[in-house]
Amino acid sequence: MRVLIRITAFAMVLAVLAACGADRPSSSPFPAAAGRGSCEVDTERDVGATMRDGVVLRADVYRPRTTDPVPVLLMRTQYGKSGAQTSPERYQPPDWFASHCYLVVVQDVRGQGTSGGVFSEFTNDMADGYDTVEWAAGLPGANGKVGMYGSSYVGATQWLAAVTAPPHLTTIVPANTASDYYDGWTYEGGEFRLAFVQPWAIDSIALGAAQNRRDAEAERVLRDAAADPTRWLNFRPQQDLPPMQPHNPAVAPWYFDWVRHNTRDAFWQQVSIRDRYPAVRIPVLHFEGWYDAFLAGGVENFAGMVSHGGNDFARANQRLVIGPWDHVAWGRPDSEPAPLLKDIGAVGNSPINELMLAWFEHFLKGVDNGVSGKPRVDYFTMGANTWKTATNWPLPQTQWINFYLSGAGGIADRAGKLLPVLPGPQPPDTYTYDPLNPAPSLGGHSCCGAHSGPQGPYDQTPVEQRSDVLVYTGDPVAHDTQITGPATVKLWAQSSAVDTDFTAKLVVVKPDGTAINLNNGILRASFRDSLSTPMPIVPGRAYEYRIQIWPTSYQLSAGDRVRVEISSSDYPQFAPNPNTGAPFGRDAATVVATQTILHDPAHPSSITLPVIAN
C-alpha cells in the first residue's frame, strides 16, 4: 500500500510538472540597440560639490551642447569617476549618455578618488547622496530632474540616497546590489562571505582609500596582499588580519567594524534598505543576475517596493530584469563569465544601456514609450535560454512543491533520493566536518568576477567526491519543467558542536551525469531563529534549520534530475565555521564536529521547489 501511495503521489507531481513546462518563450522585451545621440558633449573635470559638513566631493560633468534645460544622470562611485563602470563590464561611457542630451555627473564618493574627507563604507552615503542630488539638480543647464545609475556599491549609493528622499531625485536604476548590508552583503545566514568581502576590501576600497590619502606604506602592503589573496583567505582570526593593519586605524577601521558587528545589530540596521521602502517614493528599474553576489537582495528590493513603496506611483512603476549573469560579466562579447554562461551566447547579453536610456527618456523627459506603468519582471530562463515576462515576484503562477530527503546520501552509498512523499522510518546520514579541511566552493554567487571569486555554474562532480557532502537526487522528469524562484531546504540535523554551519545546494543533473549548480544557501546554526540574537545549539539535539537557497530560473528537459547537496562548508565562498561557538573572527581555535542529518517521518527534511504553472 505504501508503494502504491508513493507511485500515485509521484505520478501527480509529474502531471503538475508536465503542465508547468508548457509556457511559451516571449520575444525580446527590450529596446533595440541605440547609437550615440544628437548632442555634442563637453567635459568638465573635478567639479566640486560642498557637503553639509564642508567636505568637498569632486565630479566629472559631461555637458550636452544645447540651450534647453536637460535632466541629470548621476553616478556616485568609489571605484574612480574616470572609469565610470564602463563597458565591457557594465555601461556605455558617460559621454554616450550625455550625447542623448542628458547632463551626466560622475562623482567620487567621500575619501576615494579626488574627493575630500575620510572614507568609510556606507557611513556617509545617505547625507552625501542627498546633498549631491540637490547640488546636481541646480547645476547650470539642469532642469531639476535627477536620475541615478550604477552597479554594486554604486547601486548602494543610489538606495542610500533614495531613502533620504531628496526632492529632485526622480528615479534610480540600481544594478547588482543588495537590500541589507549585513544580510546578503557582508554575511549570509549569519556566516561571513569570505571570498567576496576580504579580497574586495583589500584590493579595491582599502587600496583606493590609501591612494586618496597618499598613504604609500599602506598602499604597498595592500598591493602585496592583493597579489596573493588565497594566503589571507585562510588567515585566522579575521580581527587581526595583517594587511588591514588593525593596530593602525587609519588603514581600514570599517573592516574591523564589520568583523566586530557579526550580528544584524544597530550598526547594520541604520543603513538597511529593506527597513525603509516606505521612504522611497520614486520609480526603480532593478537589474540582477542569477549568479550575482547580491541577487537575493535585488529581488527583495523589487518585491519590497511593489508592496511597501512610499506611494501608488512608486509601487506601480517597479521593473526587475534578471539575466544569466554573474556580478560583472554581463554577456558582452569581450567579457569573461563562467564558461557555461558564456556559452549561452548573444541572447543572454545585458540590455541595460538601451533599457536604462528608455527608462530615463520616460521618467525624466516624459516620453510615452511603455517601459513601465505596472510592476514587471523580465527574467531569463536558463536551459531554455529564453526571456520571459511576469507581473510580480515570486512569479504569481508559482506552485511550491515539496520533495523529501531519503536514503543513504553519504559517500559510501550515494543512494540518497528526493521523494514526492514522506519517507518511512530509516537511519540518518552522518559525516565529519573539519573546519581545517572545508568542502571547496565550485561556482556559486560570490563576487566579483569568475576568475576572482566562486561565481557561476560548474559541474559539481569533484565536490561530490567528498565524504562531507551528502547527495539526494530525484527521478528524471518526464517533460520540460520550469523552476523559477527561491527554494527552501528544511533540514533536520544534529551536531556534536555548540555551533556549526549547514549548507544546501540546488543542482540539475543532466542525463550524461553532469551536475550543474543552480544556486546555494547557508545557515549558521546559532542564527537559526534570529540574525540579531544568535543562540548556541545543544550538542546532540535535533533542530529544524531553514536554509534559503537563492533564486534561479531553469527549464529542466525531459530526463533531467533535481539534486540537493548538503554539507557544512563552502570555502572560500563562506568562512568555515570553527564549531567553537565563538563569534566570527575572534580566535583561531577550531573543533571537529560530527553532523547527523535526519530524514524520517518524525524529522521530514525536505526542499520546496518553485515550479512554474501556466
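Reader: Which residues of helix 6 are buried?
Author: In this predicted model, the buried residues of helix 6, which spans residues 216-226, are Ala218, Val221, Leu222 and Ala225, where buried means under 20% relative accessible area with a 1.4 Å probe and protein chains only. Helices here are DSSP runs of H or I with at least four residues, and strands are runs of E with at least two, numbered from the N terminus.

Reader: And where do they fall, seen down the axis of helix 6?
Author: They fall within an arc of 95 degrees, so they line one face of the helix; the arc is that of the directions from the helix axis to the C-beta atoms.

Reader: What covers them?
Author: The cover includes helix 5 (194-212) and helix 7 (229-233), with contact meaning heavy atoms within 4.5 Å.

Reader: Changing topic, how many helices and strands does the chain have?
Author: The chain has 13 helices and 25 strands. Its radius of gyration is 24 Å, close to the 25 Å that the globule rule gives for 614 residues, so the chain is as compact as a globular protein of that length; the radius is taken over C-alpha atoms, and the rule is 2.2 Å times the number of residues to the power 0.38.

Reader: How much of the chain is buried?
Author: Of its 614 residues, 60% count as buried.

Reader: Anything on numbering and confidence?
Author: Residues are numbered from 1 along each chain as its sequence is written. Local features need pLDDT of at least 70 and side-chain atom pairs 80 or more, while totals for chains, interfaces and linings use all residues, and side-chain values use heavy atoms, without hydrogens and water.

Reader: What box do the C-alpha atoms fill?
Author: Taken along the principal axes, the box is roughly 80 × 60 × 40 Å.

Terms used:
Buried < 20%, exposed > 50% of the residue type's maximum accessible area, 1.4 Å probe, protein only.
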